[in-house]
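Here is a short briefing on one protein chain.

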Amino acid sequence: MNKTFTCILCPNGCEIRVQLDGTEILFADGNKCPKGAAYVEQEIKNPVRNIASSVLVVGGTMPLCSVRLTAPVPKSRIFDVMEKMKEMKVSAPVKAGDVLIPNVLGLGSDVIATRNVERQETDA
């Protein structure tokens, strides 16, 4: 089977043409650097992705806080991780770097805040 991949590891965006036998790479060309070959092999054998999103904040100066994963997760689990993020509500204050979901779904990656959200001051 022939397949074409667009490498995303550097700004070149190489179009890498691959001839496959199942998950075995028989031939590959088009990559301008060694990262391309490694990217294609990873995409074929164990595709992973990183996720950036946002979660709801209760009592904050902003309604949402941006988040990301500390490590990529299997591509097949992206929607499961996104569902966990969608269910989440955090209480302000939130600090950039706070671990909001440790080891999400047992995948070895934490969901962390990427910005500060201060607590909303209330008039008393």
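Accessible areas here come from the Shrake-Rupley method with a 1.4 Å probe. On that basis, the accessible surface of the protein chain is about 7,800 Å². Carbon and sulfur atoms hold 52% of that surface. The model is predicted.

**Burial and contacts**
- Of the 124 residues in the protein chain, 28% are buried.
- Among contacts with a separation of 6 or more, 45% join residues 24 or more positions apart.

**Overall dimensions**
- The radius of gyration of the protein chain is 19 Å, while a compact globule of 124 residues would have one near 14 Å.
- Along the principal axes, the C-alpha atoms fill a box of roughly 70 × 30 × 15 Å.

**Secondary structure**
- The protein chain has two helices and 10 strands.
- Read from the N terminus, the order of elements is β-β-β-α-β-β-β-β-α-β-β-β.

- Three strands form an open sheet in the order 1-2-3, and their pairing is antiparallel.
- Strand 1 (2-6) and strand 3 (24-29) are the edge strands, each pairing on one side only.
- On average, neighbouring strands of this sheet are turned by 30 degrees against each other, direction ignored.
- Five bridges link strand 1 to strand 2 (residues 15-21) in the antiparallel sense.
- Phe 5 has Ile 16 of strand 2 as its bridge partner.

**Helix 1 on the sheet**
- Helix 1 (residues 34-45) packs on this sheet and touches strand 1, strand 2 and strand 3.
- The direction of helix 1 makes about 45 degrees with that of strand 2.

Key:
Residues numbered from 1 in each chain as written. Predicted model: local features only at pLDDT ≥ 70, side-chain atom pairs only at ≥ 80, totals over all residues. Heavy atoms only, no water. Pairing = 2+ DSSP bridges. Helix = DSSP H or I, 4+ residues; strand = E, 2+ residues; numbered from the N terminus. Axes fitted to C-alpha atoms, helices over the stretch in contact; angles between N-to-C directions. Contact = heavy atoms within 4.5 Å. Rg over C-alpha atoms; globule rule 2.2 N^0.38 Å. Buried < 20%, exposed > 50% of the residue type's maximum accessible area, 1.4 Å probe, protein only.
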